[in-house]
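Here's a quick briefing on a ligand and some aromatic rings. Have a look at the structure first, then read on.

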Amino acid sequence: MEKSNKKLGIALLGLGKYATEQLAPALQQTNHCYLAAIVTGDDNKAKQWKEKYKLDEQCVYDYDNFDTIRANPAVDIVYIVTPNALHADFVVRAAKAGKHVICEKPMATTLEDCDRMIEACKNNGVTLSVGYRLHFEPYNQEMMRLGNTHKLGYVQQLIARDGIEGASGWRLDPLLAGKGGPLMDLGIYCMQASNYVYNMSPIAVTAQQAGQTVSFQLEYPGGFTSDCCCSFSNKMNYLHAAANNGWFELKPAFGYAGIKGKTSIGELHFDQVNQQALEMDTISKAILLGEPTPVPGEMGRDDVVILLAINEALESGARILLHPANRQSATTETGGVINGAFFTVEE
Ligand code: NDP
């Protein structure tokens, strides 16, 4: 293994709630990476974090001098944890500084941003990963396994729900969060879970909005469906898969801890893990071994295409057709390019 004893240094960029309450504590439990630096626009946070995590002065950056991180050998990865629409610029700057990147979900709010993030990382020879923590969580992994191996038969229908009571700040600002109310923030979990249980991408979407709640329906090849709902006003957290020889479900499904699961043949029991520590360790290990990241930018981009299509369905009231096979290579053969994404409004 390349650099076998080396732990990769992570710089957290954007010291808000998620970085403060989840990522920094998780970095105290990681084996293959550690908190090496911070990037913040807030002088008070800079001072507090520097003291709390015993960081050297040269490992504390603001958004203006961030590009000088290039010269800091202690930093291998920059983890972008800002509001969604701000991810892209920081990812491009981190890539140009020669650092690997982890970007929080959703990767971006436009397809153009996804493309320039992927391109910048490719051009600079660095890895781009998306902070999809549930890919490393044992109960969600079991949902993937049951769905993909057909242990309880073929999944025919999914139900996915993710909602919180009350959102504030930039999450309510479409310019920073992306359009579609709770879609970008929470709907992404329902959509991702549907995709990883079916191991497919949807071919058509419909959607409806009532206040701060968005319902959307995903249609997959073979006539399989997923009934999804996300909300900023209704607390819910649930994943249920109905297969032709049984069922399996998680409740809660998508939280940081306390996930519980059962199936038609019994309860599921897995260790509770620190999802963020596992996520950062797995990504770091992949980088150290020169292996591909399990949660690449291309996955984040495909998800943004679907989210944009769901938003298009919301705004137009129409059923939107997706062309998954063509998502990485632009095509207009079956229709137009709407909002820069590869889907069409059904005639
Ligand atoms: P917060 O609002 O708590 O923090 C965002 C931070 O971004 C701010 O504290 C600030 O850091 C920085 N920032 C830079 N520019 C701006 C700006 N114009 N407006 C607001 N903040 C700015 O958000 P969260 O920590 O909850 O979310 C950040 C990202 O993480 C989002 O993309 C979100 O979707 C994702 N997330 C992912 C979760 C997961 O489970 N994977 C869970 C929660 C969030 P500073 O003061 O240091 O400059």
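The ligand has 25 residues around it, and the closest are Thr40, Lys45, Tyr63, Asn84 and Arg133; a residue is near a molecule if one of its heavy atoms lies within 4 Å of it. This is a predicted model, where local features need pLDDT of at least 70 and side-chain atom pairs count only at pLDDT 80 or more, while totals for chains, interfaces and linings use all residues. Residues are numbered from 1 along each chain as its sequence is written, and side-chain values use heavy atoms, leaving out hydrogens and water.

**Ligand contacts**

- An oxygen atom of the ligand sits 2.5 Å from an N or O atom in the Thr40 side chain; a polar contact is a pair of N or O atoms within 3.5 Å.
- For Lys17, a polar backbone atom is 2.8 Å from a ligand oxygen.
- The protein buries 80% of the 890 Å² that the ligand exposes when taken alone (areas come from the Shrake-Rupley method with a 1.4 Å probe).

**Aromatic rings**

- There are eight aromatic pairs, meaning rings of Phe, Tyr and Trp (its six-membered ring) with centres within 6.5 Å; planes under 30 degrees apart are stacked, over 60 edge-to-face and the rest tilted.
- Trp49 and Tyr53 have ring centres 5.4 Å apart and planes at 50 degrees, so they're tilted.
- Tyr63 and Phe90 also form a tilted pair, because their planes are at 45 degrees, with centres 5.1 Å apart.
- Ring pairs link Tyr63, Phe66 and Phe90 into a cluster.

**Burial**

- Trp49 and Tyr53 are both buried (under 20% relative accessible area; exposed is over 50%, partly exposed in between, with a 1.4 Å probe and protein chains only).
- Phe90 is buried at 11%, while Tyr63 is partly exposed at 28%.

Conventions
Polar contact = N/O pair within 3.5 Å; in protein donor to acceptor, adjacent residues only side chain to side chain.
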